[in-house]
Amino acid sequence: MSHRLSLSRAAHLVGVHRSTLQKMIGEGTLATSEGMIATDELLRAFPLAQLEASGAVEWVNRIREESFGRRVRERLLPSQEILAQRLFAQGLELAELRRTVQRYHRLVEETERTLRDAFAGHPQLPRALAAMADGLGRALAGDASDAVAAMDVALHSMTPRVEVRPSGHEYFVEGHDSILQSGLKAGLQLSYGCENGTCGLCRARVVDGEVQRIRPHDFTLSEAERAQGHILMCAYSAVTDLKIETLEAAGPEDIPRQEIVATVRSITPLGEDTRLLHLQAPRSNRLRFLAGQSASLGAATPAGDVQATYPIASCPCDDRNLHFHVGRDEADGFATDVFSGAIRPGERVTLVGPEGRFVLASEPGRPLVFAACDLGFAPVKSLVEYALSADAAPSYTVAWLATRRDGHYLANQCRAWAEALDGFSWLPLAGEDAAAGAAELVAALGATTDLARADVYVAGPEEFVRNAEFEFRAAGVPGESLAMLAL
Ligand code: FES
C-alpha cells in the first residue's frame with residue numbers, strides 16, 4: 001500500500017538533496033500530489049537498488065542488526081530517554097492502528113456470516129466467497145513500497161521532522177541535538193543567543209507535536225507562555241514530528257552586534273602567504289552571524305594591541321568554530337603577528353561583530369554563481385557551505401581567479417564539492433592582474449552558465465569587484481541579482 005512522504009522526508013530517505021527532487025518534479029520525472037510524494041512513486045524513480053546505494057537501507061539494517069557504528073551512536077541516535085518517548089508515541093499510534101485493523105477484521109467476519117445466512121444453498125456462494133478472500137489477500141499483500149514505509153517509520157523514531165512557521169522551512173532533529181542545534185546545522189537563521197537556557201531568545205511556540213526537555217534552563221517562561229506551548233529551543237528536543245512558530249533572521253539587521261572572547265585553536269599554512277586561523281568560541285557564548293559576514297578580531301601581544309577585520313570563512317551552521325583566511329600583509333599588524341607567531345594557539349582573541357551585508361538573499365530555486373578573486377574565496381566559502389547546508393539552490397558554480405603565489409589554496413575543497421554534489425561546478429582561473437582577470441572570469445562563466453537567470457556573488461580586491469560588476473551587468477545580470485564585497 002502506498003504511503004505519502006513530505007519532500008524533505010523523501011529526500012532524506014533516498015539520500016539526495018531536496019533540490020534534486022524539486023528539479024525532478026520540475027522536469028516531470030517525479031510526480032507529487034499536494035506537495036507529497038507517494039512511496040511507490042519514489043520507488044519508481046529510485047528503485048530499491050538505488051535506495052540501497054543511498055545508504056538508507058543499510059542504515060536501517062545496521063540499526064536493526066545491532067551493529068551500531070560509533071558515528072550512528074553519537075550523531076544519529078537520540079538519548080535513551082528521547083528514544084523511549086518517541087517509541088512510546090509510535091506505540092500509541094500502532095495500538096490505534098491495531099484496534100482499527102481488528103475492527104475491520106470483525107466486520108469482514110460478520111459480512112461473511114451474513115452472506116452465508118442470506119444465500120445459504122445458493123450455487124454461486126462458494127465462488128463469491130473465494131473471490132472476496134482473494135481480493136482481501138491481494139489488498140493486504142506486502143510490496144516493495146512497504147519496505148520504504150518501514151524505513152520512513154524507522155527514520156521518524158531517529159530523526160523527527162520540524163516544520164517552522166511562518167517560513168515553512170523544514171529540517172530533521174538528529175542524535176542528541178536540541179531543536180535549536182539541528183535547525184542551525186540545517187542552515188536556518190533561527191533566533192538565539194546563549195544556547196544554554198539563559199537569554200530566552202530561542203523561544204518558540206509548539207503548534208503541533210511533542211517535545212522533551214533535555215537540559216535545565218535558567219530563563220523562566222511565564223505561566224501564560226507555557227500554557228500557550230512556548231519552549232526554549234536550546235533546551236528541548238523533538239519526540240514526534242513538530243510544527244513550531246519562531247523568529248528567523250531575515251537579514252543582517254536582525255543579527256545583534258556581539259563581543260566574545262575566543263581561543264586560537266590552530267593556525268595552519270594554506271600556502272606561503274596564507275594562514276587558516278581557527279578560533280573557537282566558548283560553548284556558552286558563540287558568535288551568531290550570517291554566511292558572508294565579517295568580524296573584527298583584536299589581540300593583545302607583547303608588542304601592543306592589534307586589530308583587523310576579516311570575512312568569516314566558515315558556515316554559521318557551526319557557530320563555535322570560526323575560520324578566517326589571513327593573508328600576509330605588512331600593513332596589517334594582526335596578520336603580521338599571525339605569521340610571526342606572536343599570535344599562537346591558546347591565545348585569546350576578542351571578536352566583535354558580525355558586520356557586512358554580503359549575505360545570501362536569493363529566492364530558493366535560483367542558480368547561484370560565486371566569483372572570487374584571491375582571498376575573496378573566504379566569504380564565498382562561507383556562503384557556499386551555508387547554501388549547501390540549507391539546500392538553497394538547484395545548482396552552484398564557483399569561479400575563482402588566483403593572482404597571488406598561493407594560487408587556489410583550497411582547490412581540494414572545491415574539487416571535493418564538485419565530486420560529491422550534483423549540480424556543482426567549479427572554474428579555477430589564474431592571472432597576474434585582478435582587474436583584467438575579472439573580464440576573463442565573466443567570459444568563462446558566461447560560456448557555461450545562463451548568467452541572466454542566476455544570482456551572482458562577487459568578492460575580492462576592489463579593482464576585481466569593480467570590473468566584475470561592469471562585466472556581469474554587460475552579460476545581462478540585473479543589478480538586483482548582484483551582491484559584491486570588496487576586500
Ligand atoms: S539561546 Fe539563550 S535561552 Fe536558548
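**Touring a predicted model**

Q: Which residue follows helix H1, and what is the value of its phi?
A: Helix H1 hands over to Gly15. Helices in this tour are DSSP runs of H or I with at least four residues, strands are E runs of at least two, and both are numbered from the N terminus. The phi of Gly15 is positive, near 70 degrees.

Q: What kind of model is this, and how many helices and strands does the protein chain have?
A: This is a predicted model, where local features need pLDDT of at least 70, side-chain atom pairs need 80 or more, and totals for chains, interfaces and linings use all residues. Residue numbers start from 1 along each chain as its sequence is written. For the protein chain, the tally is 16 helices and 20 strands.

Q: What share of the protein chain is buried?
A: Burial is a matter of counting other C-beta atoms (placed from the backbone) within 10 Å: 20 or more is buried, 12 or fewer is exposed, and in between is partly exposed. The protein chain has 487 residues. The share of them that counts as buried is 35%.

Q: Is helix H1 mostly covered or mostly exposed, and how many of its residues are buried?
A: H1 spans residues 7-14, and the helix is mostly covered. Its buried residues are Ser8, Arg9, Ala10, Ala11, His12, Leu13 and Val14. Out of 8 residues in H1, the buried ones number 7.

Q: Which residues does Ala371 touch?
A: Ala371 is one of the residues with the most contacts inside the largest core. Here a contact means two C-beta atoms, placed from the backbone, within 7 Å. Not counting residues up to four places away in sequence, Ala371 touches Ala399, Leu441, Leu445, Val456, Val458 and Ala468.

Q: Why do helices H15 and H16 count as roughly parallel, and at what angle do they cross?
A: H15 covers residues 434-448, H16 covers residues 462-474, and their axes come within 8 Å. The crossing angle makes H15 roughly parallel to H16, because under 35 degrees is roughly parallel, over 145 roughly antiparallel, 65 to 115 roughly perpendicular and the rest oblique. The angle, taken between N-to-C directions from 0 to 180 degrees with axes fitted to C-alpha atoms over the stretch in contact, is roughly 30 degrees.

Q: Which H16 residues make the contact with H15?
A: On the H15 side, the contact is made by Ala434, Ala435, Gly437, Ala438, Ala439, Leu441 and Val442. On the H16 side, the residues are Glu463, Phe464, Asn467, Ala468, Glu471 and Phe472.

Q: How far apart are Phe470 and Ala439 in space?
A: Phe470 is found in helix H16. With 13 other C-beta atoms within 10 Å, Phe470 is partly exposed. Phe470 and Ala439 are 31 residues apart in sequence, but their C-alpha to C-alpha distance is 8.8 Å.

Q: Where is Gly356, and which residues is it in contact with?
A: Gly356 is in the loop between strand S15 (348-355) and strand S16 (368-373). Its count of other C-beta atoms within 10 Å is 18, so Gly356 is partly exposed. Leaving aside neighbours within four places in sequence, Gly356 is in contact with Pro252, Gly292, Gln293, Ser294 and Leu485.

Q: Which residue does a cis peptide bond join to Arg165, and what is omega?
A: The partner is Pro166. Pro166 is in the loop between strand S3 (161-165) and strand S4 (170-172). For this cis bond, omega is about 5 degrees.

Q: Is Asp374 buried or exposed, and what is its phi?
A: Asp374 is found in the loop between S16 and H13. It has 26 C-beta neighbours inside 10 Å, so Asp374 counts as buried. Although Asp374 is not a glycine, its phi is positive, about 50 degrees.

Methods:
A nonpolar core is a set of buried Ala, Val, Leu, Ile, Met, Phe, Trp, Tyr and Cys residues joined through C-beta atoms within 7 Å.
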